[in-house]
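Please work through each task before reading its solution.

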Amino acid sequence: MIAPPLSAEQEALFRLIEDTREHVFVTGRAGTGKSTLLQHVAWNTSKQIAVCAPTGVAALNVEGQTIHSLFKLPLGILGSTDEPQSDATRKLLNAIDTLVIDEISMVNADLMDAIDRALGMARGRRGEPFGGVQIVMFGDPYQLAPVPPRGDEARYVRDHYRSFWFFDAHVWTGGRDALADGPAIEGFAELGPFGADLNIRELVDIHRQSDPGFKAMLNAVRHGIVTADIAQVLNDTGARTPPEPVEGETPIITLATRNDIVNSINRRHLDALGGRSQTATAEINGDFGRGDAYPADVELQLKVGAQVMFLRNDLAQYREVPRWVNGTIGTVTRIAGGTVRVDVEGQEFDVEPAVWEKFRYSYDAASKSLSRDVVAEFTQFPLRLAWAVTIHKSQGKTYDRAIIDLGSGAFAPGQTYVALSRLTSLEGLYLTRPLRPRDIQVDPDVRRFMAGVRREAAGR
């Protein structure tokens, strides 16, 4: 599949990343092409680059490694303690020119500082942020948040950080205390009063939606400034009854807040279909991690007539136009001969099992460079039952139509924005109930940080 060309603003950002040593945070609204730019950087950089992400699935999506695996860090709060490093880890970290972190909004402040310490220790350059490695981060704090700490870990965070978000890590703030204007915390004073310089760039050209009015509504939801007029338009539009399935049209999907709602909807629809259910069992080779790191169901139950969603892009390299992309919805029409035939908008395609590769970086002494090796494989049909999917798992997907089910209410900041911003247009919106004010949540620390980002951009 041919990669899409970069827009002018994406190309300018690529040149900033490639031609300088600046630390860069690439953010932007849903659909602005952050993932496209990350992929371009990974494929086209001349630097020794390592790509990582906070979770197993996120790491698979960018063909990288999890942060904890790359740095050999234990789970949980790490504090200011240096973790022991093997000779192999030190050599690996010494070979990195640029570290790319995807889904940075899920990385907490404590882990951000641990990355800084690990690189400084391995490279013998503790007085320099990240030991001199360039850090490039991708993500949108308005969409995903770090998992909140509990118990003693929560008390530690309150005592040492202004917030748990990555942008309040001491490496960026200079080790200021939780009030952001107190004395530097011991062990971080060498960074100076303001910490490492971070060049924050927000992509603004939206590629998913074209209607200016809908873009403005999504932006209002993103920033938590929804007016009564905007809410009325969204609710009046979404109050329609979802249409009955029409052959040749893209089936409609429900985006729900909780797994139990999604599982119930999918099970009910699958059971209602006639015919025999068939199960495809994934083949797992190597250490692929736990179940939450799997990119697809280990046991995939399908029937003819099942509504499914593709879990990865069409990998046929020779195709200029892919037959499907990650998030495409279709209907199973045949299961036989080791393939599943799926109807996508009137065209039928035979889908075969796909292989997801888990990568691990190592240091190649012969070439004195980074090596990226396949250490595990997960083979399964790249499909998931898709009468419904959680809002969280819809992240990064694009839908022409969707039923949004917020149940008793959105329970996380950004959840409603993620759901609405999956749609290409307002006409594709269906709501199981009207939006309520409490459904529109923005984390106050994100609001504070992003206000500073906009002030900096205005003065640039």
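**Exercise 1: Strand pairing**

Strand S12 (residues 329–336) and strand S13 (residues 339–344) run antiparallel and are joined by 5 bridges. The model is predicted: local features need pLDDT of at least 70, side-chain atom pairs count only at pLDDT 80 or more, and totals for chains, interfaces and linings use all residues. Residues are numbered from 1 along each chain as its sequence is written, and side-chain values use heavy atoms, with hydrogens and water left out.

Task: Identify the bridge partner of valine 332 in S13, and give the strand order of the open sheet.

Solution. 
1. Strands are DSSP runs of E with at least two residues, and helices are runs of H or I with at least four, numbered from the N terminus. Two strands pair if DSSP finds at least two bridges between them.
2. Valine 332 has valine 342 of S13 as its bridge partner.
3. Strand S14 (347–351) and strand S17 (383–385) are the edge strands, each pairing on one side only.

**Exercise 2: Helix packing**

Task: Determine how helices H1 and H2 are oriented to each other.

Solution. 
1. The axes of helix H1 (residues 8–19) and helix H2 (residues 34–44) come within 10 Å and cross at roughly 45 degrees. Axes are lines fitted to C-alpha atoms, for helices over the stretch in contact, and angles run from 0 to 180 degrees between N-to-C directions.
2. Angles under 35 degrees count as roughly parallel, over 145 as roughly antiparallel, 65 to 115 as roughly perpendicular and the rest as oblique. H1 and H2 are therefore oblique to each other.
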